[in-house]
Amino acid sequence: MKIAVMGYGTVGSGVVEVIEQHSEVIAKRTGGEPLEIAHILDLHDNIGDPHEALFTKDFNDILNDPEVKVVAETIGGVNPAFDYTQKLLKAGKAVVTSNKELVAQKGLELLQAADEGNTNYLFEASVGGGIPIIRPMNQCLAANNIEGIAGILNGTTNFILTMMIEQGMSFDDALKLAQDNGYAEKDPTADIEGFDASRKVCILASLAFGKHVYPNQVETEGISNITLEDVSYVSSANGVIKLLGQIKYINEDKIAAFVSPAVVYNGSQLASVRDVFNAILVRGDAVGDVCFYGRGAGKLPTASAVVADMLDCAKHVDRKKIFGWGAGEEDYVVDYRSTIEMPFYVRAKMSESDAVNIFHNVKFLSRKGQPSDEVAFITDKMTENALKEKLADSEVLNIIKVTNY
Ligand code: HSE
């Protein structure tokens with residue numbers, strides 16, 4: 001079957017590599033038919049690349065080639081990926097993608113375009129890179145009411161936090177190391193401020209509960225205000241700080257969805273997820289907790305998921321997958337700060353007796369070199385707004401949510 005690849009960056013070139021290096025096993029799994037690359041769309045000249053003859057800068061070469069049935073979109077970003085994908089789907093060509101930004105912003109419209117073209121739009125690689133999560137959510141866990149999801153959805157921030165926790169490295173040094181290792185971009189904003197994780201939360205929430213959640217509905221905090229002092233206090237409570245995307249079912253018409261640093265206690269599956277690894281814990285009412293773990297980024301892990309989607313499309317040209325992903329509403333995602341109760345980690349300039357006067361019941365934490373005018377503690381469950389009201393007259397140094405996953 002003829003296929004095309006749009007975008008020849010890290011993931012796109014990985015897709016080409018996996019298709020070529022795994023051609024035999026791919027042919028076996030499609031029932032004998034290999035995936036044959038007919039076009040690679042890329043704006044660079046790629047002179048001397050062994051695939052030179054396949055490159056085109058004209059999208060229409062793919063759109064108008066009747067033999068091309070499946071296309072991988074690894075361009076990234078919303079434009080022009082959205083326009084290209086929509087045109088291909090409406091023309092009846094299946095499209096698979098690793099582009100989380102596009103799925104989070106335009107997933108609903110693109111699934112509707114796939115309906116129009118009676119074809120498939122698959123996006124396994126858009127969350128968790130090489131980790132199977134979209135298909136398990138849509139198929140294997142489909143009999144459950146999902147109660148909640150918590151995920152370490154960004155490898156760069158998990159690497160930075162791991163370096164802070166295990167090596168005592170400062171945030172700035174750990175970020176520089178992440179950049180030197182090629183994990184973080186030169187402009188690391190999307191990773192460290194949580195936007196990348198937030199896009200993945202949108203996709204998971206839309207899949208789990210069937211209504212599109214947009215990035216502007218997900219309250220997002222990154223990790224740039226986490227200090228070694230916080231890491232050290234939390235370690236005295238047998239916990240670690242992780243950047244978590246959390247989704248909670250409230251009722252048919254309401255969910256909570258947010259991204260933030262969170263204290264995870266060491267008994268949790270998520271606490272042991274270190275380095276650049278990702279993990280997604282799904283809580284279903286029938287199955288209980290299931291946890292998916294693996295490499296959430298990188299050339300070959302991501303390409304592994306993209307090519308698997310291509311295989312699926314090639315095997316099911318005449319069968320449409322149903323995602324049950326409909327339109328959302330503006331007030332579908334609640335303001336979690338006024339509704340969801342949880343314990344909080346607080347670090348503040350105050351005495352222990354001040355903390356007890358304000359909260360009555362707290363668990364104090366300690367660290368080496370703790371100044372006499374600084375305390376850190378874990379509160380009982382309350383909403384974030386209630387917590388902030390109680391702390392209105394205090395000099396707060398940091399507040400971190402404590403999760404129950
Ligand atoms: N920059 C992302 C990460 C890549 O570090 O996880 C995958 O979205």
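Predicted model: local features only at pLDDT ≥ 70, side-chain atom pairs only at ≥ 80, totals over all residues.
The axes of helix 7 (residues 155-167) and helix 8 (residues 171-180) cross at roughly 130 degrees and come within 9 Å. Helix 7 and helix 8 are therefore oblique to each other, and the crossing is right-handed. On the helix 7 side, the contact is made by T156, F159, I160, M163 and M164, while helix 8 supplies F171, A174, L175, L177 and A178. Nine residues of this contact are nonpolar, one is polar and none is charged.

Helix 5 passes helix 10 in a left-handed crossing. The residues involved are K100, E101, V103 and A104 from helix 5, together with D196, R199, K200, C202 and I203 from helix 10. This contact holds four nonpolar residues, five charged ones and no polar ones.

In soluble globular proteins, nonpolar side chains tend to be buried together. The largest nonpolar core in this structure has 112 residues, and V15, Y121 and Y345 have the most contacts inside it. Helix 10 (residues 195-209) gives the largest share of this core, with nine residues. Returning to V15, its contacts beyond four places in sequence are with V5, A72, T74, A303, V306, V307 and M310.

Two loop residues complete the picture. S98 sits in the loop between strand 5 (94-97) and helix 5 (100-116). Because its relative accessibility is 8%, S98 counts as buried. Beyond its neighbours within four places in sequence, S98 touches V11, E73, T74, A125, S126, T302 and V306. Among these partners of S98 are T74 and V306, and V15 touches T74 and V306 too.

D275 lies in the loop that joins strand 10 (254-265) to strand 11 (277-284). Its contacts, leaving aside neighbours within four places in sequence, are G155, N158, F159 and T162. One of these, F159, also takes part in the contact of helix 7 with helix 8. D275 and E166 are 109 residues apart in sequence, and their C-alpha atoms are 10.0 Å apart in space.

Definitions and conventions. Residues numbered from 1 in each chain as written. Heavy atoms only, no water. Core = buried A, V, L, I, M, F, W, Y, C linked by side-chain atoms within 4.5 Å. Buried < 20%, exposed > 50% of the residue type's maximum accessible area, 1.4 Å probe, protein only. Helix = DSSP H or I, 4+ residues; strand = E, 2+ residues; numbered from the N terminus. Contact = heavy atoms within 4.5 Å. Axes fitted to C-alpha atoms, helices over the stretch in contact; angles between N-to-C directions. Parallel < 35°, antiparallel > 145°, perpendicular 65-115°, else oblique. Left-handed = near helix turned anticlockwise from the far one by under 90°. Nonpolar A, V, L, I, M, F, W, Y, C, P; charged D, E, K, R; others polar.
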